[in-house]
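Here is a friendly briefing to read alongside the model. Please keep the viewer open as you go through the points.

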Amino acid sequence: MTEKTTHLKYFGIGKILPFLRHVRKLIVIMVVFGLVSSVTDIILPLYQRYALDCFVGLGTFDTLPAFLIAYILTILVAAGSNYISCALATIIEMRVNRQLRQTGFNHLQTLSFSYFNQNSVGYIHARLMSDTSRIGSLVSWTLVDCVWRVSYLVGAVAVMVTLNPSLAAMVLSILPLLVILFSIFQKKLIRVNREVREVNSRITGNFNEGITGAKTIKSLAIEEKMENRFTEETDNMRTKSVQASRLRGLFAGTMNFASSVALAIVLWKGGYIAVDQIGTFSVFMSYAQGMMEPLRWLVDIVSDLITTQVNIERFTNLLAVKSDVTDTPEVIEKYGDTLNPKKENWEPLKGDIAFRNVTFRYPDGEETVLEHFSLDIPFGTHLAIVGETGAGKSTLANLVCRFYEPTEGQLLIDGRDARERSQLWLHDSIGYVLQTPHLFSGTVRENLLMGNPEATEEQILSAIRTVSAEEVIAHLEKGLDTDVGEGGDLLSTGEKQLISFARAILADPRILILDEATASVDTMTEAKIQAAMESVTAGRTSIMIAHRLSTVRNADLILVVRNGRIVEQGTHRELLEMGGYYHELYTRQYEEEATARILA
């Protein structure tokens, strides 16, 4: 491995090189114009030397016209090259940011539920926005600055050595000191900046919770608790930031002292040559002063590189996360992946589901949820899964959807192992209505078309009628063209649920999963959904996860879940006749509902 490759890898830059291929030509052009700009800045002090030696020292002005033309042309070239390199830096930054964020966002689409269960929105958001922004700035503005400043230092040193080697050697004697200082401060700065970025992620997460959970915070009257938690994190951020700033300040102060020594040397030693070489003395003064800014910049860029190394690590670690559920290369070759499907190879999905000796444990847990479980769910079956809150009712549905894979055994879809075909092939034929509905920003119509982009107006209205949502749409200010707000927050929970229900129906799925879809709606809305349930489930396999047992009495098969395990199964009548856990749940709920009606 070459020294250059080692340094690239050390700062983490080597990890992001694949994301720069599409802008490599622009980077080359930017670097070229940055070099041109640097060369002009190196040349300008030489004009000053010539003017002092010739026009002032010798008093000859024969070359003045040519001197002025050359000087003006040099300034114009400097201005033009600066403009082009800065414009290209802006373009490169935007394109790299877009590439990084698009790649990160696409990768998130491939990850399984377990990743999102274990990482907060703020944590993920910081990696996709804050970290990528720092990386984009590094490969654009930091790079063009590096080209100019480093080439200026190299050029200035070369000219000084040519004009007066002994004085140049004295000025350059400070470089070993800079290397020693760099090695001392580097590791400490990396550690502190990594801690700062992690605390910043937690603060972003607190911001997100404070905004998305505003209603809950107010209803629980826990504003003071949230404020204390946020204050604790910001105090921690302040402590870490001050620590980092002190280190950077100490580093910068020491480096600035070293660079000031160079100017002192020029003033001290240069005084002896000023008498007969005033032009050369002025050049050394200009370069010594001009080297100050690049040296100070090198101090800052070391800190920035160390900070950005942490950003690169965090972003590339996100890309390195592997999904718990993946398709084999053979499956991807035939069916495509999540973002590049090959729908022409997709077989029609009928809707037969079968569990064959399935054992399942969640990736982050050791407890076995299912053990050697087998069940046939023929096409057209209306299956219900019931149990108390937190009993683990969604496990079977998550396995059917391949949100998780069986730890052992097989899940068969239409007689074939689900892993023999792509996840998207299966997801495309599943309609999933969640207990907490989510709508995307936009209008009601745009949300409905998410289920079927090719749906006609008649199909949209038919889906709305199927779930008895006509009155909801009629009461909206602009009907189907009403904006729902971020996450559907401009609508009530019941309205959002009916629209998400209609969206699922509009997709005409072969498998329909209702995950406590009526738990968060009012009694009137639930009655409408129940009335439409027979037509909704007809002609497809349906799985209803329910807490209210009154909604599952007509199911073909009911699975009763307790403490993460299936303890009973049968029809509503069969389970009541058993007199077991289902009978206990049903009796308790019936008594509670009867009491509520009497009190009302």
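A residue counts as buried under 20% relative accessible area, as exposed over 50%, and as partly exposed in between, using a 1.4 Å probe and protein chains only. By that scale, Arg 588 is partly exposed because its relative accessibility is 32%. This is a predicted model, where local features need pLDDT of at least 70 and side-chain atom pairs count only at pLDDT 80 or more, while totals for chains, interfaces and linings use all residues. Residues are numbered from 1 along each chain as its sequence is written, and side-chain values use heavy atoms, with hydrogens and water left out.

**Overall picture**

- The chain holds 21 helices and ten strands; these are DSSP runs numbered from the N terminus, with helices (H or I) having at least four residues and strands (E) at least two.
- Of the 600 residues in the chain, 45% are buried.
- Among contacts (heavy atoms within 4.5 Å) with a separation of 6 or more, 77% are between residues 24 or more positions apart.
- The accessible surface, from the Shrake-Rupley method with a 1.4 Å probe, where for residues only the protein chains shown count as cover, is about 30700 Å². Carbon and sulfur atoms hold 58% of that surface.

**Nonpolar cores**

- A nonpolar core is a set of buried Ala, Val, Leu, Ile, Met, Phe, Trp, Tyr and Cys residues joined through side-chain atoms within 4.5 Å.
- The largest core has 43 residues, and the members touching the most others are Leu 448, Phe 501, Ile 558 and Tyr 582.
- Helix H18 (residues 493-506) supplies the largest share of this core, with seven residues.
- A second, separate core has 36 residues, including Phe 355, Leu 370, Ala 391 and Leu 557.
- Tyr 582, once neighbours within four places in sequence are set aside, has contacts that include Val 386, Leu 549, Val 552, Ile 558 and Val 560. Glu 568, His 572, Leu 575 and Leu 576 are also in contact with Tyr 582.

**Salt bridges**

- The whole structure has 18 salt bridges, each being a side-chain nitrogen of Lys or Arg within 4 Å of a carboxyl oxygen of Asp or Glu.
- Asp 327 and Arg 402 pair up with their closest N and O atoms 3.1 Å apart. Asp 327 sits in the loop between helix H11 (292-320) and helix H12 (329-335), and Arg 402 in the loop between helix H13 (394-400) and strand E4 (408-413), so this bridge ties together parts that are 75 residues apart in sequence. Both Asp 327 and Arg 402 are buried.
- Arg 565 and Glu 371 form a salt bridge at 3.9 Å, N to O. Because Arg 565 belongs to strand E10 (residues 565-570) and Glu 371 to strand E2 (residues 368-377), the pair ties together parts that are 194 residues apart in sequence. Arg 565 is partly exposed at 37% relative accessibility, and Glu 371 is partly exposed at 48%.
- Arg 588 and Glu 584 form a salt bridge whose closest N and O atoms are 3.1 Å apart. These two are four residues apart in helix H21 (residues 581-599), so about one helical turn separates them. Glu 584 is partly exposed, with 40% relative accessibility.
- A network of salt bridges links Lys 334, Glu 347, Arg 416, Glu 420 and Arg 421.

- Leu 68, Ile 69, Tyr 71, Ile 72, Leu 73, Ile 75 and Leu 76 form a nonpolar surface patch with about 650 Å² of accessible area together. Patch members have over 30% relative accessible area and no salt bridge; nonpolar side chains (Val, Leu, Ile, Met, Phe, Trp, Tyr) are joined within 5 Å, and like charges within 9 Å.
- Leu 76 belongs to helix H3 and is exposed, at 54% relative accessibility.
- Ala 70 is also in helix H3 (residues 64-110), and is partly exposed with a relative accessible area of 28%. Its C-alpha atom is 9.1 Å from that of Tyr 47, which lies 23 residues apart along the chain.

**Backbone points to check in the viewer**

- Asn 357 is not a glycine, yet has a positive phi of about 55°. Asn 357 is placed in strand E1 (residues 353-361) and is partly exposed at 42% relative accessibility.
- Asp 414, not a glycine either, has a positive phi of about 55°. Asp 414 sits in the loop between E4 and strand E5 (416-417), and is partly exposed with a relative accessible area of 22%.
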